[in-house]
Structure formats: structure tokens, C-alpha cells
Amino acid sequence: MTFRKNDRAPSRRSVMKGMGLAAATLAAPGVLRRAYAQEPIVLLTWETYHDPAWCQEWSEANGVEVKPVVIGSVDELFSQPFSGAIQPDVMYIETGSLPRFHEAGLITTLDTSKVPNTSNITSKLDWKKFTTVDGSIVGIPYNWGTQPLMFDADVTKSPDSWAVLWDEKYAGKVNVFDDCTIVFPMIALYIGAKDPFNLTDAEFDKCADALRALRKQVRTIARGFDDAVNIYAAGDAVIGYCQNIAVVTSLQDKGKNFDYSLPKEGTPTWIDCTGVSKKGDRDIVYKFINDNLSVKWQSRFIEASTNNGVLDLAEAKEGGVSEKTLKRTNIPDSQAGDFWEKLVILQKPEDFDRRLQMWNDFKAGTL
């Protein structure tokens, strides 16, 4: 998942950009080489989720073409079906956005009896709790990830609270990334909100105070994964809110002594789920979804991308995921008895516009 999400209507520019990317993806030569009698399965997916070679392999085996279209944000994911350029069968949507997509008619209720491989989803994840909208399941997990507290272990040792980001000794050395949807829940957890996705007016006021104080701590806001790695590698930040634990492992690859922790207040966590459109409500689409949850497919996905997928540790090892790769994921961490209790799964916020305005004011220094 690329963490550049928000819950607002996309601009025309973003729609046109997405249409261009989608058209280029579908027209790419050599991705799928033969014509098929059945209607193709069109995916709106994320980078690393559906390697074209894997999709071609599945297409050849099942006699149905799979067309993966890579998107870069939830805005783009939401806009594509309305643009006319792409009519997807399957979309990959984080839990907090599932209600929005369902209300817009972009995804339909799922028949989980057609996806027996949901049994491969780690039993530690109570996924139905987060994928049920209006009493019906509208998403099935494909991948998940955490947004922990990251730090230079040569500077600080295993901090256990988000409060460390406000410690004056780190003034000018704190980093956060530019994503209101992901960052705001961390702020809400720090101020002690009872429910970080349903803030009271008093809690919003506390979040404003916290953001105002945090602004003095942050020299640069990361604009993406590579930007964050560069900021930390250059020594311009020593502690911050982690966009993805792959930022930490990338720094470790560069010889930097970085690590991450799960703060006691809770760690915001995303789950990307398979959603199906009315057009995609077909048996062959369900077969594709089911095969994507097989130990074989998931293990290859984890090994190739260092994502968490949905398998537990034993299944991942059984599927051939290397120890080296496992150490770069949250999968070993997830075996701890209290691991999932430390996570706060993203959900639909009470008023995204209010959050976004506060976030934009924070970035502009006008809060």
C-alpha cells in the first residue's frame, strides 16, 4: 500500500493523471499475450501487489485474462470507476475507506463461502469486525501493515510512547509523513482520545494544541517513502512516525542503526482488503480472489515485496518465505500474545474535512 490517502473528492488533474496511468498499464505490450473468450478481470491494485507475470501465469492456467492497473492513492482508486477509463472488477481498499466505497456503490456484498482460503488469514486478526458495513462483509484482507514509532537507536533506546515526539531534546529532529488519514489517528492516540476515529470537540482542541507543539519539532515533512529514507539517512531526523517499517529496514541496509517500537498508546494499522464491484460479482473473480489467499500465492507475495500479506508465521515458513525476508516484516512480531492488542486498525473518521483542514494548517504553520 502506498500511503498517500485521503477521503476527499479527487481533483480533475488527479483523475486525468490516473486515467493516463491506467491506459498505459492496460496497453503495455507483452504483459498478457493472448486473447481469451471470457471477459477479463480488471484490478485496481497497489505497487508490488500483483506482479504482471503472476497474473499472466494465473490467466494461462484459468483461461481468463487478468489486467492489473496500479494506482497511487485512494483518491485515484475512488475516481477511476467514475472516470470511464477503467471499469474494475476488483479493488484493494483499506478498512477505513470501505464504508465510503460501499456507500458510493463501487463495491458489493461478498459471498465468503466462495473464498474458502480465508481460512489462511491469520486467526489473530479479527478481520470481519473491520470489513463489515451495514451488516454485510464487503472486504477480505489481502495485506496489512503498521505505522510504528521509529528511531535512531544510537540516539535513543526503545521509546514506548508517542510523547517522545514532543520531547524538546529532539526539536528539529522529528519527522512525520504527509498523510492526514494516517497521521491524525496517531495524534488522537497521543492526546488520549477515547476513540481516535470519533473525536469530541474537546479532543479536537487537544489535537490542535498537539499539532501546534509538534510543528516546532519537525523540520521536514516526508513526501513519500524514499523521501523519508533520505531525511533519516542524512541525519535530518532521528525519530518519527514511521510510514512503513520498510523505511527502517532500508536504513538498516544503509548501515544506519534504526529500529521501531509499538507505543503503549496504540499503533495505527492499515488492512488492505479485496473489494468486488457489481461487474466483478462472478465465479471466476471469486476463484482469483481465493487463489490470491493460497499459501503459495501469499508466500510469493511476501517474499517478493516484504509485505506482511495475511499468513501467520508458520504458514509463511511453510510456503517458503525466507528468514531474511520475515525479519523485514511484522510477521514474527505478530506472534507475541499482546501484539494485536497494541494495534489500532484504521476506521472511518467522524469528520475528515475537519481533520484535513487542521492538518493543512499544521503544514502551513498557521494552526
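**View 1. Phe78 and Phe101 are both buried.** Buried means under 20% relative accessible area, exposed over 50%, and partly exposed in between (1.4 Å probe, protein chains only). The model is predicted: local features need pLDDT of at least 70, side-chain atom pairs count only at pLDDT 80 or more, and totals for chains, interfaces and linings use all residues. Residues are numbered from 1 along each chain as its sequence is written, and side-chain values use heavy atoms, with hydrogens and water left out.

The structure holds 19 aromatic pairs. Rings of Phe, Tyr and Trp (its six-membered ring) pair if their centres lie within 6.5 Å; planes under 30 degrees apart count as stacked, over 60 as edge-to-face and the rest as tilted. Phe78 and Phe101 make an edge-to-face pair, with 5.2 Å from centre to centre and 85° between the planes. Phe78 belongs to helix α3 (residues 74-83) and Phe101 to helix α4 (residues 98-103), and the two are 23 residues apart. Helices (H or I, at least four residues) and strands (E, at least two) are DSSP runs, numbered from the N terminus.

**View 2. Trp166 and Tyr190 form a stacked pair.** Their centres are 3.7 Å apart, with 5° between the planes. Trp166 lies in the loop between β7 (149-152) and β8, while Tyr190 lies in helix α6. The pair spans 24 residues of the chain. Trp166 counts as buried at 12% relative accessibility. Tyr190 is partly exposed at 27%.

**View 3. Four rings gather in a cluster.** Ring pairs link Tyr49, Tyr92, Tyr142 and Phe301.

**View 4. Two arginines sit over phenylalanine rings.** A charge sits over a ring if NZ of Lys or CZ of Arg is within 6 Å of the ring centre and within 35 degrees of the ring normal. Arg354 has its charged end over Phe204, 4.0 Å from the ring centre. The charged end of Arg215 is over Phe362, 5.6 Å from the ring centre.

**View 5. Glu57 and Arg300 form a salt bridge.** A salt bridge is a side-chain nitrogen of Lys or Arg within 4 Å of a carboxyl oxygen of Asp or Glu. The whole structure has 16 of them. Here the closest N and O atoms are 3.4 Å apart. The pair links distant parts of the chain: Glu57 in helix α2 (residues 52-62) and Arg300 in helix α11 (residues 295-305), 243 residues apart. Glu57 is partly exposed at 42%, and so is Arg300 at 24%.

**View 6. Lys363 meets Asp178 in a salt bridge.** The N to O distance is 3.0 Å. Lys363 is in helix α14 (residues 352-364) and Asp178 in the loop between β8 and α6 (180-190), so the pair ties together parts 185 residues apart in sequence. Lys363 is partly exposed at 25%. Asp178 is partly exposed at 25%.

**View 7. Glu350 forms a salt bridge with Arg355.** The closest N and O atoms are 2.8 Å apart. Glu350 is partly exposed at 28%, whereas Arg355 is buried at 2%. Elsewhere, salt bridges that share partners join Glu39, Asp89, Lys279 and Arg282 into one network.

**View 8. Five strands form an open sheet.** The order is β9-β8-β10-β7-β11, with mixed pairing. Two strands pair if DSSP finds at least two bridges between them. Edge strands β9 (218-222) and β11 (258-261) each pair on one side only. Strands β8 (residues 174-177) and β10 (residues 239-241) run parallel over 2 bridges. Val174 stands opposite Ile239 in β10.
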